[in-house]
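The points can be followed beside the sequence and the model.

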Amino acid sequence: MLRPDSILNLPPKFSSKSLERLMSKKPDSTFNGKPSIFFTDKEVPTSYSLSNQFAEHLEFRLIRDRITATGEDAYYALSLAIRDKLVRKWLRTQHQYNQKDVKRVYYLSLEYLMGRLLGNSLINMDYYDECYKILKEDGYSLEEIREFEHDMGLGNGGLGRLASCYLDSMATLELPAYGYGIRYEYGIFNQAVENGAQVEYPDHWLQKGNPWDILRRDLDYRVKFYGKTNKVLNPDGTYGFEWVDTEDVLAVAYDIPVPGYKNDTVNNLRLWQAKACSDFNFKEFNAGDYVAAVASKTDSETISKVLYPNDSYLEGKFLRLKQQYFFTSATLQDIIRIYKINHQTFDKFSEKNAIQLNDTHPVIAIPELMRILIDDEKLSWEKAWQITSKTFAYTNHTVVPEALEEWSLQLFEELLPRHIQIVYEINRRFIEEVRKNYSTDPNILTSMSIINEKDGKSVRMANLAIVGSFAVNGVAALHTEILKTRIFSHFHKMYPGKFINITNGITPRRWLKTANPFLSKVISDKIGEGWVYDLDELRKLERRVDNPEFREEFRTAKWLNKKLLINFIESDNGIKINPESLFDVQIKRFHEYKRQLLNVLHIITLYNRIKENPKIEMVPRTIIFAGKAAPAYFMAKLIIKLINSVAEVINKDPDVGDKLKVIFIRNYSVTLAEKIIPAADLSEQISMAGLEASGTGNMKFTLNGALTIGTMDGANIEIREEVGEENIFIFGLLADEVLKLKSAGYSPMKHYSSNPSLKKVIDMITSDFFSKTEPGIFKPIVDKLLGDDYYCLLADYQSYIDEQDKVSKLYTDQEEWTKKVILNVARVGKFSSDRSIKEYATNIWKVEQIKIPQS
C-alpha cells in the first residue's frame, strides 16, 4: 500500500534505519474467500476467485485481452470483480435484515461525497494485498490504476462527505442502515483557473460509466408534480383529497454496496435517476415535430441531470425543489415497500423505521409521508401524524439564519398542490398547540410558524423539520447551544428534550488508513491496528511522545507525504516548492464566513516583511488553498481571483525565493484532499466564531498530524478540549464577543487606521498592486472590508498575525513541534464517525447491531 519507491529520496537528516522501519512491509492476513448465501464455504466454485473474476470481466465485459487492455480497463475490471464480492455479502446482509424484521435506519441526504471507492473497498474487505499481486502478475501497479477512478459527482462540500463517512461507520458497526440520494449525471462542476479566475466546466463523471453502481431494473416509482387536488368522499363517509392531472416522472434505482471494515456487513446506498414515463410522443414525431416529441422526456430527466442547479433564477428554484421532492418521494415509497415485506398494517412503522434528514433538503419527506398515509393508505390525520412525528429525526447544519431553507408559497403550491394543503394543516394544529401549551405572544407565534407571512410568504423548512421530527441534533457543542439559545430558542423551551448534540466525526478507514499509509504504518507498528476500528486506541501513542526515534519516524512519514504532494503540484502547477517549508493549508468550500480572505491578508503581511528586509530570517512557508465557489457567488469567486493574483506576484518575486510560496490547487475533490491533508503541517480553521456548525476538515488534519490554527468555532472548541490548549493555536473573538462588538457599533475603519501593517496590506489591494492589468477589480473586496466587515476580518487580524508568529517560532523547534503533533494524533479519538454513529444509534434511532453469518 506504500507509494512508489521513486519518491523515497530522504535528506541526510533522516537515518536509513528510520526509513527501513517505516518501509518494512508486514504481510497482511491472507485472503479467505467468502461464499454467497447460496453456498457453504466448501462449495464456492473456483471461478469465484478474485483473479478469475478479474480476468473474466476484462475479457467478457470489456472485450479486452492482455495485449489490448489498458490501465483504465484493469481498473474497471478489478472494480467489477470487487463489486461481485460485495454483492454476495450484500445479498446475505439484506436476507438477514428481512428474516429478522430488524429496525432499520434510512439516511436521506441530497449529497454524498464518496471519493474513490476502489482503495477504500479493498481495505475494508481486506483484499488489498491480493489485488496488488494479481495486478503485478499482469504488469499493472495497483497504485497507478487507482488513479483512473473518477470521484463520483454526488456532492459538493462537508455535508456530502459527512454522509459518506456515516455510511462507512454504519456498515462497520453492523447497523441495518441505508443511504438514499440522487444519481446526478453531472457533478457540481469541474473547476479550471483561467487568468486567475474560477471557470466552471461540466463534470460528466458518468461519461465512461461507473463500475460501482447497479441498475435495479425491478425498482422504479412514479413521482408526481403539478396538477390539482379534488375533495372526495371516502367509503367510510369521511372526506379526503385526490391529487390529479399530474405530470409524472419515474425514479429508477441504482445501488452502490457499502462494506463495513473487516466484517460481513454490506449496506446499501440507493440513488434515484429520473426517467420519463414515456420516451417520446409518437404522434408529434410522425408529424415531424421532433423537438416537441422528446420535450417531455428531456424535462423529466433534467431532475437528476446536475447537482445544485443555479437557483438564483425561478427555473433553478423549481428544479431544486423538484429534486428534493423527487428523491424523498421515491425513497418513502421504497421504505414502505420494504416495511410491507413483514407487515400488513402501519401499526409498527415508527418502531421499525428511523428516517434521518440530513439538513433541510429532504424535509419535504414529512408532508409526503403524511400524504401517502392519508391519501393512499387511508389512515386518519391523527394516526398518520403519530406515525410521522415518531419516524423522522432532523440534523441541522447551519447557524446562519439566511441559510435556513425557505420555499416561496407560490412555487410550492404550483409544484406540490397537495403538500401545501398538508403543510398548512400541520401549521394550523401546531400553532394551536403553541397557544395552548407555550405562548400567545404574536411575535413568538410568528417566529415559530412554519409559514413565514413576511417577504412574499414562504415555507420555513427548518421549522417544519422541528415540528415533524421526534429529535433534532446539532453537530458540535457550540452549534447545538446556539440552536437552543438563539436560532430556535422558543422551540427548545417548548420541546426541551427534543434538541441534543452529536458532534460530527470522520472515518479513520479513509482518512488515515487509506489516505496516509506512511503514518498508518508508523502507528500500527507500535500499537497494532486496533485504532482502525476503535480510534481511542491512538491514546497509546502518548507514552511514546518522549521517544526521539518515534518522533523521527513521525517526521519521516510527514516528509514523504510532502514529497508526494510536491510531485503532484510541480507536475500540475510548475512551481518549485521547498520540502523543508511549513505547509500551511486551507482547503474547503469558498465562502466569506470561512475567511480565506483573512489568510490572504496574512500572506501579504509576510510578503511585506520580506520586501522590507530581503535577508530576513523566517520560517519558509508554502501556503496552499483549494476549494470551489458556487458559480453565482460573486464575492467568493473574487477572493479566488485575489489569491491567484497575489500568488502570481509573490511566486515570481526574486526577493522572496523559497521563503514564501502561494499555491491554489484547482478542482478540489475528496481524492485531492487525500493527497493534501497528509502533507499539511498547519490546518487553517479560521471562520468567524459562531458561524461554522462543526467542520470535519479540522478533524482530518488533526488525525493526519497537522496542528490547528483557528477560532473558537464549531468543532475547534472540542478539538482544543481534547488535545489540550497548549497544543493548538487559538485566536480571535469568541461568538458572544462578536455579538457584543456588533451591537456596540463595530467600526472596521478604526482597525484600518490604527494598525499600520493592516493599512499597508489593504492599501496594496486598493492600489492594484496585485492587479496592474485589471485596475479596480478588487474594489468590492476593499469596500466590504472597510464598510461593514460583516465577518470581522479586521477585528481579528492582529490576533491572527500574532498567533501565526507563534506558529513560526514553534516550527523552528522540530522536536517540540513533533511532540505536539503526536499528542494531537493521540487525542483525536473522539472525532471518529464511529463514535458519532454510536450516539445516533443509542440516543436517536434506538437501533441494534446485527451480526451477519458467514455462511
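1. The model is predicted. A place to begin is the right-handed β-α-β unit made by strand β20, helix α27 and strand β21. Helix α27 covers residues 697-703, while β21 covers residues 707-710.

2. Strand β20 runs over residues 682-685. Side chains in a regular strand alternate between the two faces of the sheet. In β20, L682 and E684 point one way, S683 and Q685 point the other way, and all are buried.

3. Which strands does β20 pair with in the parallel sense? One is β17 (residues 582-587), joined to β20 over two bridges; here D584 has L682 as its bridge partner. Another is β21, where the parallel pairing with β20 has four bridges, and T708 is the bridge partner of S683.

4. The largest nonpolar core holds 275 residues. The members that touch the most others are I82, F225, F326, F412, L538 and W845. Helix α11 (residues 314-339) gives this core its largest share, twelve residues. In soluble globular proteins, nonpolar side chains tend to be buried together.

5. Apart from neighbours within four places in sequence, the contacts of I82 are L50, L118, S121, L122, M125, Y127, C131 and W212.

Technical notes. Residues numbered from 1 in each chain as written. Predicted model: local features only at pLDDT ≥ 70, side-chain atom pairs only at ≥ 80, totals over all residues. Heavy atoms only, no water. Core = buried A, V, L, I, M, F, W, Y, C linked by side-chain atoms within 4.5 Å. Buried < 20%, exposed > 50% of the residue type's maximum accessible area, 1.4 Å probe, protein only. Contact = heavy atoms within 4.5 Å. Pairing = 2+ DSSP bridges. Right-handed = clockwise from strand over helix to strand, strands pointing away.
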